[in-house]
Amino acid sequence: MQLPQFDYHAPDTLEKALALKGNLGGMAPVLAGGTDLIVHLKQRLFSPAAVISLRNIKSLRGIETRADAIVIRAATPLAEIARDTSIQEHFPALVKAVNSIGATGIQAFRGTIGGNLCLQPRCILYNQSRFWRTGKGSCHRTGGKDCLALPGSESCHSVCSADTVPVLAAFSGQLTIAGSGGVRQIPVSDFFTGKGESPFKITPDEMVTEIRLPLPWAPASSAYHRLGMRSAVDFPLANAAATAIMQDGKVETFRLVISSAGPAPVVLKEAEALIRGNKPDGAMIDQVRLMARRMAEGVVVENSSISKDYRIKMLGVMTARAVKDVLGFAGPDR
Ligand SMILES: Cc1cc2nc3c(=O)[nH]c(=O)nc-3n(C[C@H](O)[C@H](O)[C@H](O)COP(=O)(O)OP(=O)(O)OC[C@H]3O[C@@H](n4cnc5c(N)ncnc54)[C@H](O)[C@@H]3O)c2cc1C
Ligand code: SF4
């Protein structure tokens, strides 16, 4: 498949990139590692007038450890994150998520954390060649007026399939977003609109510049579990991340985020309230699994390579595994 024609800009400062974004906006997406965007261009899912490459902007790469947080700049390669010793020490679930992405040779060295966070949500009826899509007709995401996966639906249900998203949200990550209107911060968990056709709360003149992960105030644990069809080069079909700080046998802080259900990750607040402040037991973990399944039943549609029912069930299983892992529970899946 050939690429369409577009102008290529490779500014060497963030200011120049933002000026281009200000002028070209939605006509010119950001090109980070390109491992997702290039596939979209080849499949003619986008045909932009230009792309703005981040490759020459040194200030958008690197990891900085501060007194209260670790800051990862948006164009930092995934491999750099996986081998950073501070991230390995404080955020091991992020290392696990990064190491789950695609194939090491491609995604780890070319793919970036910003590109993974802003990964376009996926749908088996959309992420196909133009030829394949012609036979199916258009949908909300390709200029049509309906959803092929859930006819009659007013918006798109394509799926947030990025490995790092639930983990960054479970670590209470904060994004810095820069644009012509200045710089703003937003929690990772609030960055998603819940609509597949316009998945992120970001305007065409803006880009993500960094992700701030607050350092835990006491020894903490974290866990990430995902279901894939293969052990590599495969997007997650169900994934969940949990973080906890235990004190005196009780869970002092607890956060649980489920993803790969719909266009946005879901913070399972009901489960957080159940576990926080308690000495959890097997029955509580079973309750959390059922909460995750109930949430998934309201969100999942028939648009991935596994059936809707199996995805709902496995979202419950992945959630229970993440919770058991983070709280140090043994025991079989149910
Ligand atoms: C075969 C294959 C397997 C894959 N498997 C996985 C997988 O298992 N898990 C997974 O999560 N992903 C997977 N991916 C998708 C992709 O490789 C990764 O998500 C990767 O991290 C994307 O990063 P990138 O830098 O290459 O993004 P790019 O392709 O450069 O960008 C992705 C999107 O993010 C936007 N973007 C990039 N940076 C910014 C920024 N700073 N601000 C605003 N917008 C931005 C781009 O405009 C684009 O829309 C796979 C891809 C392929 C082709
Ligand atoms: S979920 Fe529906 S609207 Fe969205 S890409 Fe798939 S078929 Fe199109």
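The structure is a predicted model, in which local features need pLDDT of at least 70 and side-chain atom pairs count only at pLDDT 80 or more, while totals for chains, interfaces and linings use all residues. Residues are numbered from 1 along each chain as its sequence is written, and chains are lettered from A and ligands numbered from 1 in the order in which they are written. Helices (H or I, at least four residues) and strands (E, at least two) are DSSP runs that are numbered from the N terminus.

**Domains**

- The protein chain is assigned domain 1 (1–55) and domain 2 (63–118 + 159–327), with bounds that come from an automatic or database domain assignment.
- Between the C-alpha centres of domain 1 and domain 2 there is a separation of 26 Å.
- In domain 1, 13 residues are in contact with 16 residues of domain 2, where contact requires that the C-beta atoms of two residues, placed from the backbone, lie within 7 Å.
- On the side of domain 1 that touches domain 2, helix 1 (residues 14–24) gives the most, with 4 residues.
- That side of domain 1 has 5 nonpolar, 6 polar and 2 charged residues, in a scheme where Ala, Val, Leu, Ile, Met, Phe, Trp, Tyr, Cys and Pro count as nonpolar, Asp, Glu, Lys and Arg as charged, and the others, Gly among them, as polar.

- An open sheet with parallel pairing is formed by 3 strands in the order 1-3-2, and two strands are said to pair if DSSP finds at least two bridges between them.
- Strand 1 (7–9) and strand 2 are the edge strands of this sheet, since each pairs on one side only.
- Strand 2 runs parallel to strand 3 (residues 50–53), to which 2 bridges join it, and Val30 has Ile52 in strand 3 as its bridge partner.
- Strand 4 (residues 63–65) is antiparallel to strand 5 (residues 69–73) over 3 bridges, and a hairpin of 3 residues joins strand 4 to strand 5.
- Strand 5 also pairs with strand 8 (residues 207–214) in the antiparallel sense, over 5 bridges.
- Ile70 of strand 5 stands opposite Thr65, and Ile70 also stands opposite Leu213 in strand 8.

**Surroundings of the ligands**

- Around ligand 1 there are 31 residues, of which Gly33, Gly111, Gly114, Gly115 and Cys118 come nearest; a residue is near a molecule if its C-beta atom, placed from the backbone, lies within 6 Å of it.
- Helix 7 supplies the largest share of the shell around ligand 1, with 3 residues, and the shell draws at least three residues from each of domain 1 and domain 2.
- By class, the shell around ligand 1 holds 16 nonpolar, 11 polar and 4 charged residues.
- Ligand 2 has 14 residues around it, and those that come nearest are Cys123, Tyr126, Cys139, Cys147 and Cys156.
- The shell around ligand 2 consists of 8 nonpolar, 5 polar and 1 charged residues.

**Helix 12**

- Helix 12 is largely enclosed by the rest of the structure, because 14 of its 20 residues are buried; a residue is buried if 20 or more other C-beta atoms, placed from the backbone, lie within 10 Å of its own.
- Ala320 lies in helix 12 (residues 308–327) and counts as buried because it has 24 C-beta neighbours inside 10 Å.
- The C-alpha atom of Ala320 is separated by 10.0 Å from that of Ala241, although these residues are 79 residues apart along the chain.
- After helix 12 comes Gly328, which has a positive phi near 75 degrees.

Technical notes:
A residue is buried if 20 or more other C-beta atoms lie within 10 Å of its own, exposed if 12 or fewer, and partly exposed in between; C-beta atoms are placed from the backbone.
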